[in-house]
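Dear colleague,

Please find the structure below, handed over for your use. My notes on it follow.

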Amino acid sequence: MKNYNVSDAITADELKGFRKKFGMTQKEFAKLLGVSKPTLERWETSEKKITGPVVLLMDLLSEHEEWLETREIPAPKYPLRMWYMYKNKKCTLIDVDEMNEKIWVKNYVRNIMFRAFGANSEPTYEDFGEFLKSRCFPETRDKMKIQLEALGIPFYDPMLIIGKTQGRMAEDDFWILIER
C-alpha cells in the first residue's frame, strides 16, 4: 500500500486564509469547493480541524495557485456564448460575434480530442462554420427536408439545427450548450 504526503486536516483559519488569498467571497469559494455556503461558513468558524477532500484540494491549490486562472470563466467577449461539452464536462468555451464574423475560444482541457477545434487554438470564423456543420446531419442527407420539418426549421442552417439538437449525434457524448 502506498502512502502520500498529504495534510490530514486544516484549520478554520487556514481555510479562511486560502479564501482571502484567492480574493473570493464565501459564496464563490463554496462553489469552487463544491459545498454549500453554510458548510463553508461552518468550517470557517469551527474549533475542530477540517478533514476530507477539501484538505487535498487546499494542498494542491497551495502548490499550484495558477490552476485557478486556467479554470476562470471570463466575461463574454462577444454576444453569443456556447460551450463544447463532453457529457457534463465543459471542454471549450466559444464566444461568437455573428455580425462581424469573429470568434474567441478558451480550452479547459489538454486533450485535443476533447477540444472543439482540436489542436487549433486560434480558429477562424470559417473554422467555426465547419465545426457547426460537423455537429449536424449533412446537408446532402436523404430526406433532409423531412428532418428539417420535424425540427421546425425552414431551411438548412447549422446554427438553427444546433439550437434544436444541441449538436448531439448518435452514439456520441459530445454536444453544444448555448447560453441564453
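E41 and K37 both lie in helix α3 (residues 37-44), four residues apart, or about one turn of the helix. Helices here are DSSP runs of H or I with at least four residues, strands are runs of E with at least two, and both are numbered from the N terminus. These two residues form a salt bridge, with the closest N and O atoms 2.8 Å apart. The term denotes a side-chain nitrogen of Lys or Arg within 4 Å of a carboxyl oxygen of Asp or Glu, and by this rule the count comes to six.

Please note that this is a predicted model, in which local features need pLDDT of at least 70 and side-chain atom pairs count only at pLDDT 80 or more, while totals for chains, interfaces and linings use all residues. Residues are numbered from 1 along each chain as its sequence is written, and side-chain values use heavy atoms, with hydrogens and water left out.

Four strands form an open sheet in the order β3-β2-β1-β4, with antiparallel pairing; two strands pair if DSSP finds at least two bridges between them. The edges are β3 (102-107) and β4 (174-179), each pairing on one side only. From one strand to the next the twist averages 25 degrees. Helix α6 (residues 125-134) packs on the sheet, where it touches β1 (80-86), β2, β3 and β4, and its direction makes about 125 degrees with that of β2. Axes are lines fitted to C-alpha atoms, for helices over the stretch in contact, and angles run from 0 to 180 degrees between N-to-C directions.

Strand β2 (residues 89-97) pairs with β3 in the antiparallel sense over six bridges, and V96 stands opposite I103 in β3. K106 is also found in strand β3. Leaving aside neighbours within four places in sequence, K106 is in contact (heavy atoms within 4.5 Å) with residues including E69, E72 and C91. K106 and I73 are 33 residues apart in sequence and 8.8 Å apart in space, C-alpha to C-alpha.

Kind regards
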